[in-house]
Amino acid sequence: MAPNQDERLARLAREAQPGQIMTAAKRLLASWQRSEEYGVSAETAEPAWAGNIESDSLFFQCGREVLTGLHSTLANEPLSLMLTDADGLVLNRFSGDTSLLRALDKVYLAPGFAFSERDAGTNGLGLALADRTPTLVRAEEHYSASLRTYTCAAVPVLDPVTGRLEGSVNITTWSKSSPELLLALAQSAASNTSTLMLARSQGRSRKPAPRGGVFRVQRGRFEPGSGTLRAMSSVWTDALDQATRALAACRVVAAVGEPGTGRATLLGQALRQAHPRSRILCAAAPAPEDVEAWLSLWTPELAKPETAVIVENVDALPAWGAQALHERATAALRSLRPASDGSPPALVWAVTSDDLAAIPQPLGAMVDTVVSVPSLRERSGDIMPLARYAARQTRLREVDVSSAAERVLTGYDWPGNIDELFRVIHAASLRTETIDVQHLPPALAGPPGPHLTRIESFERDEIVRCLSRPGITVGMAADELGLSRATIYRRMARLGIVLPR
């Protein structure tokens with residue numbers, strides 16, 4: 001660690017606002033420690049050259065448009081505007097200051113180079129991506145001396161629909177320039193990029209921000225028969241058996257797959273089977289600014305006997321939060337007593353993540369067993385058992401599903417997986433005792449991908465609405481909509497509408 005570390009943190013404490021001092025200082029200190037562990041040079045940043053840049057993503061196109069407009073108003077300012085991907089790769093760069101551009105080229109802060117913490121040590125964009133929160137890194141706060149000529153403000157950009165980390169907006173200026181408005185400018189650009197992405201996502205809704213939370217997993221009442229989770233496919237039960245065996249041996253299990261596939265549910269069932277006497281807590285990762293309070297709320301439970309924990313969406317934790325969780329888990333393990341048979345103490349816990357590589361270190365290194373939970377479109381045999389279960393949970397009794405509605409449900413792609421299916425069935429079950437096509441969203445009868453314009457989506461919904469009424473024919477629907485039979489058939493083919501059999 002650099003010899004002036006204490007002085008740097010003391011100065012940070014003097015300048016920070018009350019309530020922000022410890023969090024900001026801890027984040028920087030943790031980043032410096034990670035940089036040292038990565039083996040980054042404290043003198044010269046040596047980022048990796050990544051080669052070709054992918055420029056066909058919605059994030060890149062929207063970010064470029066926002067930064068181009070911002071650059072047109074700041075062309076004479078000593079600023080460099082950059083867009084990076086989730087790995088810290090610089091995708092593009094805008095600046096009207098040629099001397100700043102030449103200086104940035106010398107430290108390789110240019111398109112094609114990766115500036116993650118692992119590549120370049122503590123820097124604005126690297127820390128913003130690691131902690132998933134707006135970040136300002138001033139001159140001497142950079143880990144490598146070669147970067148201390150600059151002050152950088154960076155803000156992560158999440159996909160507004162999926163919540164996935166797409167990259168960051170980074171603004172760099174000279175260290176002697178005033179940084180007060182730098183972070184606000186980066187936040188505005190990042191927000192505009194996310195808003196533009198949402199506007200071009202074919203009418204899909206914004207994913208709510210994570211609220212976190214801690215709750216107890218109650219014992220399930222999954223009795224054999226219709227409308228229960230015991231009727232699940234072998235893909236699910238095989239994954240459940242794998243997780244159960246690993247948790248029974250007190251191995252740390254990661255359930256990986258797309259959000260909404262039932263990862264936490266699977267782990268809860270596995271823990272209930274492996275440790276039937278245990279109290280099971282599920283701790284869902286919150287927004288980055290709430291991580292410290294979230295950790296304080298539930299991590300003391302790790303040291304209590306007969307307690308098992310599921311950390312949901314652990315890949316959404318900021319890097320410093322993952323480090324803090326690791327330290328508390330290690331301390332809890334030291335405080336546990338050996339088992340009655342004399343075997344070493346063990347924590348019983350599991351995590352969920354999109355994939356193993358996304359789990360921040362050092363938590364990723366603690367995972368012993370990885371259980372893959374396939375998406376719902378890959379296990380269509382689970383759709384109707386889950387639908388009947390969701391309907392029964394809504395009405396507390398069996399709800400019928402017509403054969404036509406069943407064909408629509410099993411033919412849909414379910415991009416939101418089980419979460420989306422449950423929302424659809426819950427809404428339908430509140431309206432009827434027998435779910436039919438007219439009780440389902442019209443979008444389910446159309447093409448699964450987000451390829452329709454808003455006008456096409458409205459047109460599809462109106463055609464499906466007419467066709468879903470009992471006894472109506474295509475000709476009758478065409479008359480109601482003011483179309484000829486030939487026209488409605490052409491539009492049904494173009495919009496992917498399939499008649500229920």
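## Close-up views of a predicted model

**View 1. Helices α17 and α18 pack at about 100°**. Helix α17 covers residues 474–481 and helix α18 covers residues 485–495; their axes lie 9 Å apart. That makes α17 roughly perpendicular to α18 (angles of 65 to 115 degrees; under 35 is roughly parallel, over 145 roughly antiparallel, the rest oblique). Axes are lines fitted to C-alpha atoms, for helices over the stretch in contact, and angles run from 0 to 180 degrees between N-to-C directions. From α17, the contact uses Val474, Gly475, Ala477, Ala478 and Leu481. From α18, Arg485, Ile488, Tyr489 and Met492 take part. Contact means heavy atoms within 4.5 Å. By class, the contact of α17 with α18 holds seven nonpolar, one polar and one charged residues. Ala, Val, Leu, Ile, Met, Phe, Trp, Tyr, Cys and Pro count as nonpolar; Asp, Glu, Lys and Arg as charged; the others, Gly among them, as polar.

The model is predicted: local features need pLDDT of at least 70, side-chain atom pairs count only at pLDDT 80 or more, and totals for chains, interfaces and linings use all residues. Residues are numbered from 1 along each chain as its sequence is written, and side-chain values use heavy atoms, with hydrogens and water left out.

View 2. Buried means under 20% relative accessible area, exposed over 50%, and partly exposed in between (1.4 Å probe, protein chains only).

**View 3. Backbone exceptions at Asn417, Arg132 and Pro362**. Most residues other than glycine have a negative phi, and most peptide bonds are trans. Asn417, in helix α15, has a positive phi near 60°. Asn417 is buried, at 0% relative accessibility. Arg132 also has a positive phi, about 55°. Arg132 sits in the loop between α6 (124–131) and β5 (135–137). Arg132 is partly exposed, at 24% relative accessible area. Gln361 and Pro362 are joined by a cis peptide bond, with omega about 5°. Pro362 belongs to the loop between β12 (348–353) and α12 (363–366).

**View 4. Thr244 in helix α8 and Ser72 in helix α3**. Helix α8 runs over residues 234–248. Thr244 is buried, with a relative accessible area of 13%. Leaving out residues up to four places away in sequence, Thr244 touches Ala270, Gln273 and Ala274. Helix α3 runs over residues 58–73. Ser72 is exposed, at 56% relative accessibility. Ser72 and Ser95 are 23 residues apart along the chain, and 9.5 Å separates their C-alpha atoms.

**View 5. The protein chain, with 18 helices and 15 strands**. Helices (H or I, at least four residues) and strands (E, at least two) are DSSP runs, numbered from the N terminus. Of the 501 residues in the protein chain, 50% are buried. Among contacts with a separation of 6 or more, 69% are between residues 24 or more positions apart.
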